[in-house]
Amino acid sequence: LLAHSACQEAGARIRDHLARGGRVAACATSVFLLHLAQAASRRRVTTAWWLADALRGLAPDARIETSRT
């Protein structure tokens with residue numbers, strides 16, 4: 001699914017936005033788009049508990065949380 005052209009385009013747009021100094025927020029499945037934008041590395045990200053292992057496989061250097069208040 002992440003290889004889909006729409007996901008790749010979204011990742012590129014997020015990456016461009018961040019390069020211009022923009023900020024982003026994401027949770028649950030949208031953190032996978034942050035991974036595509038190369039924005040999850042070395043950051044704290046929150047996703048659903050059942051997606052945490054998949055995200056760890058893609059972004060092992062991200063600090064993944066499944067519950068955040």
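Biologist: Why is threonine 46 called buried?

Modeller: Buried means under 20% relative accessible area, exposed over 50% and partly exposed in between, with a 1.4 Å probe and protein chains only. Threonine 46 has 14% relative accessibility, so it counts as buried. This is a predicted model, in which local features need pLDDT of at least 70, side-chain atom pairs count only at pLDDT 80 or more, and totals for chains, interfaces and linings use all residues. Residues are numbered from 1 along each chain as its sequence is written, and side-chain values use heavy atoms, leaving out hydrogens and water.

Biologist: What does threonine 46 touch, not counting residues up to four places away in sequence?

Modeller: Taking contact as heavy atoms within 4.5 Å, threonine 46 touches Ala26, Cys27, Ala28, Val31, Glu65, Thr66 and Arg68. Threonine 46 sits in strand β1, residues 44–46; strands (E, at least two residues) and helices (H or I, at least four) are DSSP runs numbered from the N terminus.

Biologist: Which residues of α1 are buried, and which are exposed?

Modeller: Cys7, Gly11 and Ile14 are buried. Ser5, Arg13 and Ala19, on the other side of α1, are exposed.

Biologist: What do the buried residues of α1 pack against?

Modeller: They pack against α2 (31–36).
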